[in-house]
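Please look through this protein chain with me, one question at a time, and keep the sequence and the 3D view open beside each answer.

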Amino acid sequence: FWEHEWDKHGTCISTLEPGCYSDYTPQEEVVAYFQKTVDLFKTLDSYAFLAEAKILPSTTATYSAKEIEKALAKPRKVDVTIQCNKNGELDEIWYFYNVRGSLQSGEFVPSDPDGSKSDCPAEGIKYLPKVPISSSPTPTTLSTATGSPPTSTSTPGVPFSGRGTLPVTTGGQTNGCIISGGTWYTTGTCASFTATASGMLSLLSRPKHTQLLTPTNVLGEGFTLSSSKGKCAVANDILTCAATVTDSIVFGTVDGKLAYNGLTSFYTEAVPTGIVQAPIAVVQKATVVEIGWMSL
């Protein structure tokens, strides 16, 4: 993720060119870019901005785009751009600045948006709590076999619980699904997977690609996946389900999407067509996809 942000945005900033430094050390421009990003982020308490207008996270309440935009604009006295997912849930806030001087030492002046517009609906926007799914007030069913309290991984209809299929989304459109071997297929019948509770996730159990994550991405109910082919894991950076997999990895879920290392982005070289199956990778490639859950 950090590599993508640098490649797409950081490399476009002229004052970060090595020639702008009097005593250049390799990669110090990368550090400067992310340090400035963090410094600005710390000044943008979006939760507090919204709470001031009595806009609070909720699983039932909805808000209008004007309400949210007005609340976010008030402290900075300039407009913002909000973005929503396909379910009408607020998932991004874009703040804009003009820079007087260089990125490293210049003054960042809040400005009105320039470019892409909001894709949120005018009414009915959901602002969901940022908590693990198991803490959400969803319908639950007690286990009669053990009498133990329910968790998200034993509740019918909850994402990544029991049996279901793994639909794939790219470019905002659902197109095919993951089949039993772990590859992406856009034609034919979706495979059935079983999600089994596997306790709490933690950074200590994460494989080598661990990123810097927010607490709600790091902690939460984990689960393993299996198909008719066998257990699922990430082998050589590729999602694989096979009888040869002896140790399942623990996945998570963020906003109802499959998460690996707390991130919902998976990758492949291209969208498969016809009988072609596309391997799904956890390292960056040309096409970004997300993997959902449809209960059976």
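Q: Is cysteine 84 buried or exposed?
A: This is a predicted model, in which local features need pLDDT of at least 70, side-chain atom pairs count only at pLDDT 80 or more, and totals for chains, interfaces and linings use all residues. Residues are numbered from 1 along each chain as its sequence is written, and side-chain values use heavy atoms, with hydrogens and water left out. A residue is called buried under 20% relative accessible area, exposed over 50% and partly exposed in between, with a 1.4 Å probe and protein chains only. Because cysteine 84 has a relative accessibility of 7%, it counts as buried.

Q: To which residue does a disulfide join cysteine 84?
A: A disulfide is a covalent bond between the sulfur atoms of two cysteines, and here the term is applied to cysteine sulfur atoms within 2.5 Å. The link of cysteine 84 is right-handed, with 100° about the S-S bond. Cysteine 84 lies in strand β2 (residues 81-84) and its partner in the loop between β5 and β6 (125-126), so the pair ties together parts that are 36 residues apart in sequence; strands (E, at least two residues) and helices (H or I, at least four) are DSSP runs, numbered from the N terminus. With an S to S distance of 2.0 Å, the partner is cysteine 120.

Q: How many disulfides does a search of the whole structure find, and what is their pairing in sequence order?
A: Cysteine 177 is joined to cysteine 190 with 2.2 Å from S to S, and cysteine 232 is joined to cysteine 241 with their sulfur atoms 2.1 Å apart. Together with the link of cysteine 84 and cysteine 120, the search gives 3 disulfides. When the bonded cysteines are numbered in sequence order, the pairing is 1-2, 3-4, 5-6.

Q: Which residues have the most contacts inside the largest nonpolar core?
A: A nonpolar core is a set of buried Ala, Val, Leu, Ile, Met, Phe, Trp, Tyr and Cys residues joined through side-chain atoms within 4.5 Å. The largest one has 30 residues, and among the strands that each supply at least two of its residues are β11 (193-200), β12 (221-227) and β13 (230-235). The residues with the most contacts inside this core are Ile178 and Leu225.

Q: What kind of aromatic pair do tryptophan 2 and phenylalanine 34 form?
A: Rings of Phe, Tyr and Trp (its six-membered ring) pair if their centres lie within 6.5 Å, and planes under 30 degrees apart count as stacked, over 60 as edge-to-face and the rest as tilted. A search of the whole structure finds 8 aromatic pairs. In this one, the rings are 4.6 Å apart from centre to centre, with 40° between the planes, and the pair is therefore called tilted.

Q: Which residue lies over the face of tyrosine 97?
A: A charge sits over a ring if NZ of Lys or CZ of Arg is within 6 Å of the ring centre and within 35 degrees of the ring normal. Tyrosine 97 is partly exposed, at 22% relative accessibility. At 4.9 Å from the ring centre, the residue over its face is arginine 76.

Q: How many salt bridges does the structure hold?
A: A salt bridge is a side-chain nitrogen of Lys or Arg within 4 Å of a carboxyl oxygen of Asp or Glu. Arginine 100 and glutamate 107 meet in one, at 3.4 Å from N to O, and lysine 285 forms one with glutamate 269, where the closest N and O atoms are 3.6 Å apart. The number of salt bridges is 2.
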